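Hi everyone, thanks for coming.

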Amino acid sequence: MRKASTSAPDTEVRQTGQVRSLARKVAGIAVLLAGVLLAATLCFGAPASSSQIPNIFRPDSTPSDSIFRLSLLVLTITGLIFVIVFSLLAYSVVKYRRRGGDDGREPPQVYGSNQVELAWTVIPILIVLVLFLATARVIFSVQDAPKPAGAIEVIAIGHQFWWEFRYPALGVVTANELHVPVSNPANSTPTFLTLLSADTDHSFWVPQLAGKTDLIPNRSNHMWIDPHETGVYLGQCAQYCGTQHAKMLLRVYVDAPEQFRMWVEEQRKPAVMNDAAEEGRRIFETTACVNCHAVTGTVADGHFGPDLTHLMSRDTIASGAAPNTRENLRAWIQQPDSIKPGSLMPAMQLNEKDLEALTAYLETLR
Amino acid sequence: MSSESIALGTVSESARPIGERLHEWVVTVDHKRLGILYILYGLVMLVIGGIEATIMRIQLIVPHNHFVSPQVFNRMFTMHGTTMIFLVAMPILFGFGTYLIPLMIGARDMAFPRLNAFSFWMTAFGGLLLYFSFIGGNGLYGAGNAPDVGWFAYAPLTSRAFSVGHSTDFWTLALLVSGIGSIGTAVNFVATVLCMRCPGMTLGKMPLLAWLNLIMGGMVILAISPLTAAQIMLLIDRYLGGHFFDTQAGGSAVLWMHFFWIFGHPEVYILVIPAFAFASEIIPVFSRKPIFGYPVMVAATVCIGFVSFSVWAHHMFTVGMSSYGNTFFTVTSMVIAVPTGIKIFNWLGTMWGGKIDFKASMLFCAAFLFQFLIAGLTGIMLATSPFDWQLGNSYFVIAHFHYVIVGAILFTIFGAFYYWFPKMSGRMYNEALAKWHFWLFFIGFHLTFDFMHIPGILGMPRRIYTYEPGRGWEIWNLIVTIGVFFQIAGVLVFVVNLLWSLWTGEPAGNDPWDAWTLEWSTSSPPPDYDFATTPVVKSRRPLWDLKHPEDPDWKYE
Amino acid sequence: MSSHVVTRTSSEAEWVLPSRGRVGMFTLIAAESAIFTIFVVAYIFYLGKSAAGPTPQDVLELPIVGTICLLSSSLTIHLAVRALRNAKVGVFGLWWFITLALGTTFLVGTGLEWGHLIFNRGLTISTNLFGTTYYSLVGLHAFHVTVGLLAIALTMIFTLLGKLKAEHSERAEVFSLYWHFVDVVWVIVFTVVYIIGR
């Protein structure tokens, strides 16, 4: 439907103010696009070594790789849509602005166009259809993947603010640092995780290995990873779980098969009994430590806090909040708030002698 | 219908004592005053919510910063989200609706003026209750007892066991109270639009702002109620020993999520649809053309309204729903992109072939189109469930929804301010200052929210008070924080402009924009009774018909 | 308040719009329905999930008398409103009073049922999931009945004071919509809790 044309004769005169404003707008957008390109280069183009940068576009495992491939399709489609619509917008802004010498008559009053509106309804529907089919395939392939015979089974239990990992078939209990074998595509040894929670909601997110899956109390969730490269992969809790959600960090150690076997063997052993640390062990067993922590081979069998049997086999303490050094251990025991304020580790109120002895004892727990 | 409004003689404003004038504002049931009260309340809360955001961004400017403690930071993000959604966006949008709907449909007031006043004060008191929490508990430096459970308050973090003290109770009660206000206003919107239109204004002839607020009102009625129900359940859990969300007694944490997001997703459409309404009024006037495809605009919005109730679990893609569940919500979340995209095309179609005058309102609406396009596209990325397994609950999501709420909604709100400020105050604002506002805010917005997508891609989750160095997040957090200061500058210029213009602006006259809907036929500001005689209309643009008697709209619609 | 707004324009037919009161009440009913839906969903979701404690089969008995009273009160309120529309204030007062009595009987019945459940069968809101969802859902409904009865009682007082007139029939009718809604909710609650759930 169109009204009788009331279009003004074309004039090419533009006011300088409008040109300046226009130039600024285009310049602003150019800067923006440059920034976006820079960012894209950094995300996609950075050297492949850095698994220390948890980049979702650098997958090293089948689930994250499937997601990555799907994301390329989505980004391409949305990128195309952006270019087309943005061009139309930029064109209208430039071409149809009121000119300086405008005669003040109203432009043709157009109410709509059935053909155009039909086209721009049908095309998006088709795009949605394509996207949906591609997406559905990935959903089912990742979520409903069958568990092969050689899979490692891990039960991950989320706590405020640390991770418990149990390997029921292998008889291993550890915390915060997850060891898994690298998975050779020819002879796949993925790790299948069952996700539980002891208190509130958490979420397991190691971007390069898989999408995140939540740990929800009174509910059991499942995910799997099959890392293709050895190395350490970083992640952290991705569902707000309380004060120290920010320092509930994750480290996944992908080991070569032999390395993994050795690690399992070490973890299965009971705690090292070193006579030199007798005093420290006595303090450990007679203070409140045993209420929360477990050390196999001693009376300590608490489950509120991490298992400490092989504490020194870990690179970090307090779920990644600090490197595992003597100073940090002392600080953690005496003043946990200096490392992770608001965590549920109480300050142990030990005198200097006891603290020394206890730390020495903990350092024997290899 | 007469195009001049007849002003009855009144006692001059300055003659009456200040106490009496303030009292009038407190007891008013006039929709125009209540609208302005809503808007001013929202503006004040915008500044407060902005301070909360600034505190967070300063804390995150470098890793392992010590600007605030984790406890304070957690209260900041909870209060920032709760404030911005319930005490800024909803009041401002309700305020514009309350002010404009009767004027645009030729009515003298809303259907239920006293309910209107009641609803405003409920919202206002709800906000006061929420902020009272700051001075409870440990007092101000620990940020008192302010809620710290996140604005969506997931169970069981909100149970008595994990949320000791009253922070969760402040959240629950404040929102219950203001929710009653919201439902009251929604009832008013629906009843006013359906029952108070002037003769000749059929549903197909009323301004899009009236249509879109009608749809929004219906959505509020159906969406806020589930939140109310969930909050009652939470109170029963916390105070009567109930087990709705008590996971240690067999309750379900996921049930809270379902109930919350059945509210939460329609809520964001409740916020964006009035923003669409502003764009649908402003873009045609400044393009000098009618809105392109009015019937489809209405149909698309009705569609959005319905479909928005079927997408909620796309906020829950990571909780471990079955593959069928995830697939279903992926479909619906993609489907809703179709009517939404159509609207963008219709606005473009309105500009196409027009004679666009880039006054401040139009600048903001043009930026809205650009930013809403991007926001919609990142939304499609998030709608694809596997991609959401990576991007969900990360800074990518924060960037996406701020792109919608700030880039689309706040930008059109600024546009609406500049467009209707002359009508509401009788004075013109300063155009140069307005352009400064626009550019400062535009630059700040893009610095902050464009680059915020990147940490999400690099694995940075939400709601963390600090982060580890060496993960590649530092530079992006720095840039994001710098953008905040440009936005603050822009908002300062805006406030200065409003205040300055209120006192020294040029008289605006009835119709400074040469516009076409009924509110521009009244004086600026309109008299108490809006219209001396009830207008009678024949088309969607009654003032166009008056100004162009040789070429009226009703011959072509 | 008239039943519709009529403005005669110069050349056109009557301009008829729905009545504000009716539209307002329907929107309120829609909001309340959404709230009840959530409680019903929670009830159904938790059926059979209580780990311990009394189950619906153990302790629930059909509240037949209360249900008959409440559902008949819909009829009586309808008769009352019709009488008022025909300016028969006395007849209105009679049916209105019967409605009040029937509603109160229902509430008393609920109270007695709860007393029995709490003291004799050991089911409280904190006992288990069934207790929580049962008392919440039935309690929410009882709360709405109470609010309705307060409004009916207030109107009763106005009637006895001779203040009610035929022109108020529209308002009474709008209120009766609320009362019918309360009854419909009871039908659903009754079906879900006492029939399906048991």
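Let's begin with this: in which helix of chain B is B:Ile55 found? The place to look is helix H2 of chain B, residues 31–59. Before I go on, please keep in mind that this is a predicted model.

So, is B:Ile55 buried or exposed? B:Ile55 has 20 C-beta neighbours inside 10 Å, and a residue needs 20 or more to count as buried, so B:Ile55 is buried. Leaving out residues up to four places away in sequence, B:Ile55 touches B:Val68 and B:Met76. Now compare B:Asp30: B:Ile55 and B:Asp30 are 25 residues apart in sequence, and their C-alpha atoms are 38 Å apart in space.

Okay, let's zoom out to chain B. How many helices and strands does chain B have? We get 17 helices and zero strands. The C-alpha atoms fill a box of roughly 70 × 55 × 45 Å along the principal axes. Chain B has 557 residues, and a compact globule of that length would have a radius of gyration near 24 Å; the value for chain B is 23 Å, so the two agree. Buried residues make up 66% of chain B. And if you take the contacts in chain B with a separation of 6 or more, 80% of them are between residues 24 or more positions apart.

What about the inside? The largest nonpolar core has 320 residues, and B:Ile105, B:Ile409 and C:Phe39 are the ones with the most contacts inside it. Helix H7 of chain B, residues 253–287, gives the largest share of this core, with 23 residues. Take B:Ile105 as an example. Beyond residues up to four places away in sequence, B:Ile105 touches several residues, including B:Val193, B:Met196, B:Met201 and B:Ala210. B:Arg197 is also among the residues that B:Ile105 touches.

Next up, chain A. Chain A has eight helices and 12 strands. Of its 366 residues, 39% count as buried. For contacts in chain A between residues at least 6 apart in sequence, 66% join residues at least 24 apart.

How do the chains meet? Two pairs of chains are in contact, and chains A and B share the most contacts. Chain A and chain C don't touch, and their nearest C-alpha atoms are 12 Å apart. The contact between A and B takes 86 residues from chain A and 83 residues from chain B. On the side of chain B that touches chain A, the elements giving two or more residues include H7, H10 and helix H14 (431–451). By class, that side of chain B divides into 46 nonpolar, 28 polar and nine charged residues.

Which residues of H3(A) and H10(B) make the contact? From H3(A) we have A:Trp120, A:Thr121, A:Pro124, A:Ile125 and A:Val128, and from H10(B) we have B:Ala337, B:Val338, B:Gly341, B:Ile342 and B:Phe345. Eight of these residues are nonpolar, two are polar and none is charged. As for handedness, the crossing of H3(A) and H10(B) is right-handed.

Terms used: Residues numbered from 1 in each chain as written. Chains lettered and ligands numbered in written order. Predicted model: local features only at pLDDT ≥ 70, side-chain atom pairs only at ≥ 80, totals over all residues. Helix = DSSP H or I, 4+ residues; strand = E, 2+ residues; numbered from the N terminus. Rg over C-alpha atoms; globule rule 2.2 N^0.38 Å. Buried ≥ 20, exposed ≤ 12 C-beta atoms within 10 Å, placed from the backbone. Contact = placed C-beta atoms within 7 Å. Core = buried A, V, L, I, M, F, W, Y, C linked by C-beta atoms within 7 Å. Left-handed = near helix turned anticlockwise from the far one by under 90°. Nonpolar A, V, L, I, M, F, W, Y, C, P; charged D, E, K, R; others polar.
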